[in-house]
Amino acid sequence: MSLDLIRDILIATVPLLVIFPTLFAFTTWLERKALARIQNRVGPNKVGVPLTRYGGRFSLFGLGQPLADGIKMLFKENIVPRDADRLFHLLAPILALIPAMLVLCFLPLEFPWTESLLPVQAFLLDGAVIFFFAITGLNTLAIFMAGWASRNKYSLLGGMRAIAQMISYEIPLVLSAVVVVMMVGSLNAAEIANAQADWNWFVFTPWGLAAFVIFFIASLAEINRSPFDLPEAESEIIAGYFTEYSGFKFALFFLGEYIAMFAISGLAVTLFLGGGAGPGVAALPWLSTVWFIAKIFALIAVMIWLRGTLPRLRVDQLMGFAWKFLLPLSILNIIVAGFAWHAQQQASGILKAIIWVACLLILYATAKGLDQLNRPNVRPREYKYAE
Amino acid sequence: MSLLGGGIFKGMAVTLRNFVGSYFYKDRLTTNDYSWRPSDKLPQRAGEYPKEEGEQLRDTTTVTNYSRNFPMLLHDGSEPMDTIRCVACQICERECPPQCIYIEKSTEKKENAGGKPQFFPATFDIDVSVCMSCQICVEVCPFDAIVMNSQFELSTPDRFGGLLLRRDDLLKSNGYYHKIHPEEATARDKRIAEEKAAKEAKKKAAAEAAKKMAEEKAKAEAEANEGTPDMEENTE
Amino acid sequence: MSHTVGHEPILGKFPGTNWDEKAGALVVPALQAKEIATWLRDNDAFLLDYCSNVTGVDYLECEVKEKVTKEDGTVETVTRTEPSRMDVVYHLYSMQKQTGPLVFKQRTKREQPEVESLTPVWRSCELQEREVFDLFGVNFKGHPDQRRILMWDEFEGHPMRKDYTEPFDYEWEPTPHDEILQKHQRGKVIV
Amino acid sequence: MSSATAIAPNYELIQQDGLETSLLEVSMGPHHPSTHGVFRMDVKLDGETVVDLQPVFGYLHRNHEKLAENMSYLASMPFTDRLDYFNSMTNNWAYALAAEKLVEIEVPERAEYLRVIMAELTRLVNHVSLVGFFINDLGALGTPLLYAFREREKILDLFEQASGARMMCNYFRFGGLRNDVPEGWLDRARDVVDRFPDFLDEYEKLLCENEIILSRTQGVGNLSRELAISAGITGPMLRASGVNYDIRKVDKYSIYDRFLFRVPYSDGNVGDCYDRFMVRMLEMRESIGILKQALGGIGDGPVLGNAPKVFKPKPAEVYGRVEAPKGELGFYLIADGTPKPYRYRVRPPSLINLTVLRDMCLGQKVADAVIILGSIDIVLGEVDR
Amino acid sequence: MSEQIAFWMLSAIAVLGALVAVRKRNLIHGVFALMIFFAALSGLFLLLLAEFIAAVQILVYIGAVGILLLFAIMLTERVTGDDGRRMTSRGWFWGLVVAAAVFVILLLPAIQELPPPEAAQAIDPSVKELGHKLMNPYVVTLEVLALLLTAALIGAVTAAQGVRIPKEEDSSE
């Protein structure tokens with residue numbers, strides 16, 4: 001093993017370990033601030049940089065809040081329930097963080113300083129996308145571990161919910177990605193991103209749009225974001241699997257959750273939103289990194305927006321939504337995409353437009369039909385008045 | 001046939017409007033900055049917060065002119081004990097629903113706000129950890145001696161002693177009362193003046209009527225009535 | 001205001017009942033209560049389908065001074081002893097006819113009081129009768145789930161009874177308020 | 001009718017095929033985020049399904065009734081604020097109404113108008129924050145709740161200006177009100193009331209068509225008409241089960257017969273959480289109608305009738321009730337000729353509405369149990385007293 | 001060299017994981033040890049440049065089989081598994097014999113037909129090629145397997161529906 005290789009591996013991976021936790025800190029601030037504004041509050045606005053006590057003058061919109069939170073978390077008491085499985089209670093947050101961090105390597109995120117290096121990036125692997133899904137699935141284990149090791153009934157319920165939910169939603173997640181893989185003919189993340197150069201983003205095709213919507217919804221469930229945050233449903237099961245976590249272990253869970261959010265948004269960007277493609281990339285290659293992260297943040301902004309708006313689903317409705325709505329729709333999407341792709345090989349111009357519109361109609365009608373089928377009696381009602 | 005997910009989009013439009021609106025409309029961002037900040041020194045007793053009377057009222061967003069918190073005793077002049085209105089009649093102590101007032105009557109009389117020798121409270125304690133700000137003591141007081149303060153910064157490191165307000169903590173001037181509750185104070189002063197005028201007119205009328213009958217006897221009667229005029233009405 | 005319910009037919013049908021004019025209430029012997037209640041609920045003239053309020057009232061033995069008008073027109077004050085008793089009061093309304101209330105009282109003795117539970121007639125009595133059991137110690141025959149409701153299971157005594165005295169408070173700790181309370185308890189202030 | 005009065009059947013887990021599963025017993029509360037206070041539900045779960053539920057009360061019990069029996073009539077007025085601490089005005093009113101029946105005091109007209117205004121503002125406060133809490137129980141991150149609180153603040157400001165306190169108002173007196181509202185208060189109130197419908201439009205847009213809310217609430221926690229009547233359910237919950245019964249209409253207490261307003265109720269087919277939620281939403285519109293009429297019709301005059309300074313009623317028994325936002329709030333007073341009530345009883349709507357909690361929750365998911373409790377609308381200060 | 005180190009480390013982890021999985025009394029701990037074993041195995045596949053197989057190993061064995069085991073354990077009475085029963089069964093001798101036999105049978109062909117290193121390098125198991133193989137020569141096998149799995153799925157659903165709470169006739173009428 002040459003020293004060069006070690007150096008290159010470090011140069012390729014360490015930035016991921018630095019940039020994303022930093023972004024995590026920023027995102028927590030962003031989320032708190034955005035949610036506050038959605039709810040007509042002010043949000044964190046006192047803690048400045050560096051942690052000024054009398055905020056006000058140097059508060060910088062409360063940007064110091066994540067730092068203060070981090071310090072608070074570090075110094076909080078680490079409480080472990082008496083009956084808990086101490087080993088697993090300790091391992092679970094770490095295990096939650098590792099896969100989330102690991103899958104970041106599979107994103108085609110090329111930093112300017114890595115160009116001249118050996119090709120050590122994991123996204124050049126032949127099966128990068130499938131690796132991504134495989135390793136994301138490990139998160140489930142960590143959550144189960146946390147839920148089980150806490151010896152708390154709410155935690156256990158949360159763990160059970162998490163397993164059921166994440167396994168179910170992995171299927172539409174993967175199936176919607178299949179469409180893109182089919183079109184590109186490769187599981188290599190870099191190739192997929194490159195195939196979408198010149199604004200040929202998959203989200204601009206009907207099947208790509210449908211797949212993107214399904215992917216986005218399923219990814220919300222996969223990372224336990226509202227409206228699918230059942231494993232940590234506050235109003236029902238306190239905090240779900242991390243009810244019994246405090247201090248730094250809780251912070252690790254928190255970090256893992258946000259990193260997973262970045263990772264899955266990054267995959268969505270890779271698959272549907274053209275990776276690092278964007279205006280000005282041809283002239284300045286490093287802009288691709290900026291675009292990539294900007295797109296991730298656009299998706300995260302939508303997630304925050306959804307979180308500020310929606311209540312959560314019920315367990316059976318959640319499972320029904322995955323199995324009775326998303327799964328058939330994503331399978332149909334694969335079929336539609338296959339046929340349409342072959343049909344438009346010969347067609348051009350108007351015919352192509354007709355095919356696209358037809359695809360959209362088929363997909364929308366199916367979705368509508370499935371919705372009607374799943375919830376036939378759910379609709380607004382009329383009320384009577386007595387004088 | 002409604003749009004699939006249409007309700008969700010409508011809801012998102014509402015939240016987006018609120019998000020944007022919170023930057024532009026005061027209506028949508030009702031949070032007020034609580035600008036009073038603790039100084040380095042912690043207060044040792046309740047009531048040591050704001051240092052000057054009425055200081056916290058600079059921040060009109062947290063306290064309005066109508067809000068009430070805990071009772072205070074009124075005095076009219078600059079020297080509190082010389083112009084205290086309270087005559088230690090103990091009606092408020094009896095009527096207080098959570099029984100948080102403790103009064104001990106003085107043994108000797110002393111000249112007070114009215115300019116006549118009266119009893120005064122040797123002890124007047126209010127346990128604000130028990131007081132529930134119901135304002136019943138204010139209503140039952142026949143002398144307008146106790147009114148509601150709006151001071152709310154009462155936290156103290158001493159859980160027991162610190163929350164027992166003594167007579168001297170409770171004494172506030174009528175000017176302060178005017179500052180915190182201008183409308184109410186003006187109305188009250190007006191009513192007191194009217195009552196006083198009415199009483200004086202009555203006294204005058206009675207005196208004049210009595211003059212015709214027998215001067216000396218009437219005078220003595222009028223003085224006896226003045227001593228404890230309202231007490232008898234209310235005590236039962 | 002509310003439309004009162006005529007009580008005369010009840011007195012006619014059930015001879016054991018009587019009408020307490022002063023309280024405006026129908027007093028029913030505990031044995032007959034369930035039968036009368038069911039009849040009141042189902043009879044078309046009443047249809048008292050809604051039992052609003054259930055509560056107990058504890059009467060200690062006391063001396064009552066009454067003014068009695070004699071035959072010759074003179075008024076005399078007579079003192080008589082009222083025996084102790086326990087009332088369980090039901091306020092009945094009719095939602096269909098929008099009438100009510102009819103005050104319905106089950107009267108029983110004060111020591112080990114026992115009355116008929118009306119929960120099978122009106123479900124709304126379930127928690128309220130539990131409360132009466134808890135706070136007054138009235139035993140409801142036929143109540144499906146008679147447990148303490150507001151006090152904890154191990155609690156002894158029935159705090160709403162007039163002769164209940166507080167036990168020693170083991171969580172007591174001295175506060176300045178004690179001074180104040182002691183003064184009140186010493187009887188310096190007579191309410 | 002008679003079948004509905006029976007206690008709900010004992011649901012037992014029936015094992016089939018010899019597959020053995022065990023029940024999970026969860027004690028939800030007394031410190032659970034969505035039990036609205038220190039309420040506890042002992043829930044037995046089969047997976048996520050509720051197979052048994054026992055409500056446990058009493059964590060906030062302070063024997064309000066006994067306290068009131070040991071103090072004068074007036075002195076327990078501030079304690080009624082603490083019953084249902086969201087709606088201190090209607091609590092005051094119910095107590096004042098009962099006490100006024102004891103001694104038959106005339107209430108001046110202006111006081112009656114102000115009482116109606118306060119009560120309807122209270123209803124707005126209660127319903128708007130209840131809907132917010134309810135959606136919070138559904139899992140929203142507090143957004144509707146905070147919108148509700150934003151609007152509630154405006155009404156609480158009005159309360160503060162009138163009575164000096166935002167929640168523990170202690171504003172009503174036997175024979176009227178403690179003091180008149182300050183100058184300009186009525187204009188401010190008109191302003192708030194005029195702008196409230198805009199907020200309601202926005203609120204309805206946010207909530208009433210949301211697919212998730214529809215599918216979460218419809219068909220959950222069904223309460224039949226018969227059971228609702230028999231169990232003494234009152235208020236919006238009763239009307240959501242299809243019974244048209246509003247004490248404002250039935251008793252016509254105070255001056256409610258002078259106002260035109262409608263009472264929304266459902267057709268009684270289901271009586272689920274959605275109905276309870278919607279009935280409250282619609283009721284707010286009617287309250288605004290009443291408020292507009294009352295603020296238009298109010299005249300000048302005194303606000304406190306010639307109530308006796310020492311309240312010492314003759315021996316009598318009265319039961320006074322009002323339509324509080326949560327249901328029928330009644331006060332049963334027995335006077336014995338002393339300045340203290342011999343018997344003082346509160347008929348708490350929150351507690352009695354909880355009678356059917358178990359019936360509604362059985363067979364539902366654990367998440368539904370939470371929203372069913374939320375849709376009942378309880379305040380523990382009133383449940384436990 | 002680095003590959004050698006990685007190989008030995010992964011092998012050691014795999015063996016240790018397997019041993020812990022067998023010996024551990026606590027069932028949940030055992031399952032997690034088993035997953036460590038799976039993960040190490042996946043690493044070994046990666047060393048053989050069979051990245052697709054490695055990914056599938058994680059996806060299927062850890063992501064699906066392991067979690068299925070956890071679910072099964074969750075549904076049993078003693079979730080903890082600390083019941084102190086004797087963990088070694090009486091038939092340990094025959095177990096050992098069978099294990100040894102399987103080991104030898106697996107080892108024999110490997111020893112006999114060890115391909116030359118160059119040939120091993122020539123096979124580049126790309127994902128595309130795998131896909132083509134599955135869809136062309138082995139399509140019947142694949143479909144039969146899919147059918148089997150579907151049957152199992154339906155069977156599982158039927159079995160799971162056996163337990164249900166009898167509801168009172170709903171008031172929906």
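Mentor: Start with a facing pair: Tyr332(D) stands opposite Arg345(D), which belongs to strand 9 of chain D. Strands (E, at least two residues) and helices (H or I, at least four) are DSSP runs, numbered from the N terminus. This is a predicted model, where local features need pLDDT of at least 70, side-chain atom pairs count only at pLDDT 80 or more, and totals for chains, interfaces and linings use all residues. Residues are numbered from 1 along each chain as its sequence is written, while chains are lettered from A and ligands numbered from 1 in the order in which they are written.

Trainee: How many bridges join strand 8 of chain D to strand 9 of chain D?

Mentor: Strands pair if DSSP finds at least two bridges between them. Here there are six, and the two strands run antiparallel. They form a hairpin with five residues between them. In the turn, Gly337(D) has a positive phi of about 90°.

Trainee: Is strand 9 of chain D largely enclosed or open?

Mentor: Count neighbours. A residue is buried if 20 or more other C-beta atoms, placed from the backbone, lie within 10 Å of its own; 12 or fewer means exposed, and in between is partly exposed. Six of the seven residues of strand 9 (341–347) of chain D are buried, so the strand is largely enclosed by the rest of the structure.

Trainee: Which strand of chain D pairs with strand 1 of chain A?

Mentor: Strand 6 of chain D does, in the antiparallel sense, over three bridges. Lys384(A) stands opposite Tyr265(D) there.
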